[in-house]
Amino acid sequence: MTHPHSKRLPRPGVALAAVAALVGALGLGATGEAGAAEPAPAGMSAPAAARWTDQAHGFASLAGGTTGGAGGKVVTVTDQASLAKYAAAEEPYVIRVAGTVAVEPFGSDVVVASNKTIIGVGDTGEIVHGELHLNPGTHNVIIRNLTIRDSYVEGDWDGKTSDFDAIQMDTVHHVWIDHNRFTHMGDGLLDIRKDSQYVTVSYNQFSNHNKAFGIGWTANVQTQITIDHNWFTGTKQRNPSADNCAYAHLYNNYISAQVADGDPVWTYGNWSRGHSKMVIENSYYDRVQHPYQADATAELVERGSILRKTSGRTDEWGAAFDPRDFYDYRLDRAAAVPALVEKFSGPQRRIGVTLDVPGAYPTVQAAVDAVPDGNDVPVTIAVAPGTYREKVFIPATRPKILLRGTGHDRSDTVIVHDTPAEYGGSTGSATVRIAANDVTARNLTFSNDFDEAAVELKGEQALAMKTTGDRIVFENTAFLGNQDTLMTDSPKLNVISRVYVRDSYIEGDVDFIYGRATTVIERSVIKALSRGSATNNGYITAASTWTGNPYGFLITRSKIVSDAPAGSFHLGRPWHPGGEPNAVAQVLIRDTRLPAAIKASPWTDMSGFSWKDARFTEYQNYGPGSAVTQDRPQMSDEDARTHTVTAYLKGSDNWAPHARH
């Protein structure tokens, strides 16, 4: 858009902390989502993480850690050929399994190479009749949120005729097996073999099986393994069996409803075999024969576990080791384990792919680029605190992205650039552009720090954000700039896109909230910056609503503040891009505090189009700048009942992002 030439007086730096302080002083939300873990019970260690995170813990977190396919491209697979192709590839991948992948021939292996994450989409991703197999030398693999089931050969209860495991690995290192369901397979459910090292097995379900989980098949004593919060139910033996493990740490596991076939030896819970050193803590054994036992050559330390209706061996001898010499961990009370494990083990609907910036991807754009085209399930891009000087574009082919700052406050995480419209046009100036649908940004600051007072340019528009997608949400975000700070638009005039902004901060001077999208700004602070004029410092809105759309901009339950002189700022003017007559601005400002800087006649003409032909109204505003004059149309009570947040956002799909607050 074109604007009359204007200059704002230089301001002493953009102080992001001051933004947070201002919002806090005004009583509006400014605090971000700090991922606080729940308190530990008395006497237990403080929790290191929530019930699930995307960071490996235990032994898999040591010696460089286990990151799987982080940093690689994200792909979604629905068939065996695609799964096998990406799993065996040399380069890193995050492989999302959507729905059921049936493996043929029955019991076949899907080979998994190094630097892979294989993760179920929601709680319905599953592999049927097949095994994930890690060959010697494979490393840095994460397998999460999957069901692997049903390669059992009828009549082969002992698995002697087929070796159809759910997951088998030989001489590997750095593997994390988390939140999976393993059931009714042909031999073992999980076999960790032949000197595999730095392994964590957490929050899995093992069920309907004979030999559930074995570790060993070696004379060497090298394996280091953490096994926590797993549920073994309807299994017979190896829950797990650990042979020649240097360190086996088992805690908060739940073994219940053990197969009761009268076998006096090979029906048991945990077994420390060979020269293993095993530590068991706060586990729960319910109706188990031989809950935990140890060879004479092995060591086993047990503390804090609960035994209910058990019988047989409960061996304890030797010093084993102290797990806290290696890592910190959360230890739940044994009495709480059944309920916790039943609820949180196995695939979880809310576990998805989180792409960490800069941990796995160096820039925000690199993480966006990793999201697959046609993405159909939510993907979170978690951005660590810091300043990211880059331009970001989320194309229309990558919907359902949550862009989330992980700092305590939105000012902790800033995406900023300094491009004016002189170099690339208005759209090209935008620091961030969102063309995709169903994108949410939370706990972030978007900024264009081009200094319009420092240079003389024809095109001084400098967008912090431009959206054209539908169902866009900004929560606890800040938009910093001068001219054209925030543009909410749509792909073309008669296409309606919707944007919801809540608990946020927007600043600027000339037309700094503009475009044709249906846009609701609620519970937010809007700051009209002074350009040093005593009479005209700018315009808050410049809507270009399609004439067929009854809902343009709604600013409600918010506060407009300003450092400009009294009576020097407009609420808005009608923008007709390219002289388009069917772009007829609709703006309602209601239940909002207005500062003294607002003019008594707050609406004005633009490019030959009269403000009186636009749809500008107010309703029940208050504050020193709210006095009603003949040039301030007021909405009737009757019309106000149909111009609500719900009405603006509802559309034909009943979208209601405000309802969850």
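Which residues are buried in H3? I began my notebook with that one.

**Ground rules.** I am working with a predicted model, where local features need pLDDT of at least 70, side-chain atom pairs count only at pLDDT 80 or more, and totals for chains, interfaces and linings use all residues. Residues are numbered from 1 along each chain as its sequence is written, and side-chain values use heavy atoms, with hydrogens and water left out.

**Entry 1: helix H3.** I looked up the helix and found Val337, Pro338, Leu340, Val341 and Phe344 buried. Buried means under 20% relative accessible area, exposed means over 50%, and partly exposed is in between (1.4 Å probe, protein chains only). Helices (H or I, at least four residues) and strands (E, at least two) are DSSP runs, numbered from the N terminus. Seen down the axis of H3, the buried residues fall within an arc of 165°, so they line one face of the helix. That arc is taken over the directions from the helix axis to the C-beta atoms. A handy reminder for me: an α-helix has 3.6 residues a turn, so residues three or four places apart point the same way. On the face of H3 turned away from the buried side I noted exposed Ala339 and Lys343. The buried residues of H3 pack against strands E17 (231-237), E20 (254-256) and E23 (284-286). After H3 comes Gly346, with a positive phi near 80°.

**Entry 2: Thr314.** Where does Thr314 lie? I found Thr314 in the loop between strand E26 (306-308) and helix H3 (337-344). Thr314 is partly exposed, with a relative accessible area of 34%. Leaving aside neighbours within four places in sequence, Thr314 is in contact (heavy atoms within 4.5 Å) with Pro291, Tyr292 and Leu307.

**Entry 3: strand E27.** I turned to E27 (residues 353-357), where Val353, Leu355 and Val357 make up a covered face and Thr354 and Asp356 an uncovered one. In general, side chains of a regular strand alternate between the two faces of the sheet. E27 pairs with strand E28 (residues 379-383) in the parallel sense over five bridges; two strands pair if DSSP finds at least two bridges between them. Val357 stands opposite Val383 in E28. From E27 the chain crosses through helix H4 (residues 364-370) to E28, a right-handed β-α-β crossover. Right-handed here means that, with the strands pointing away from the viewer, the path from the first strand over the helix to the second runs clockwise.

**Entry 4: the cores.** How many residues has the largest nonpolar core? I read 62, and Leu355, Ile381, Leu403, Phe446, Phe474 and Ile540 have the most contacts inside it. H4 gives the most to this core, with four residues. Apart from it lies another core of 53 residues, including Val141 and Phe206. Such a core is a set of buried Ala, Val, Leu, Ile, Met, Phe, Trp, Tyr and Cys residues joined through side-chain atoms within 4.5 Å.

**Entry 5: strand E44.** Are the faces of E44 (residues 553-556) covered or uncovered? Both are covered: Phe553 and Ile555 on one side, Leu554 and Thr556 on the other, are all buried. Four bridges join E44 to strand E41 (residues 518-522), running parallel, and Thr519 stands opposite Phe553. E44 also runs parallel to strand E47 (residues 586-590), again with four bridges, and Ile589 is the bridge partner of Ile555.
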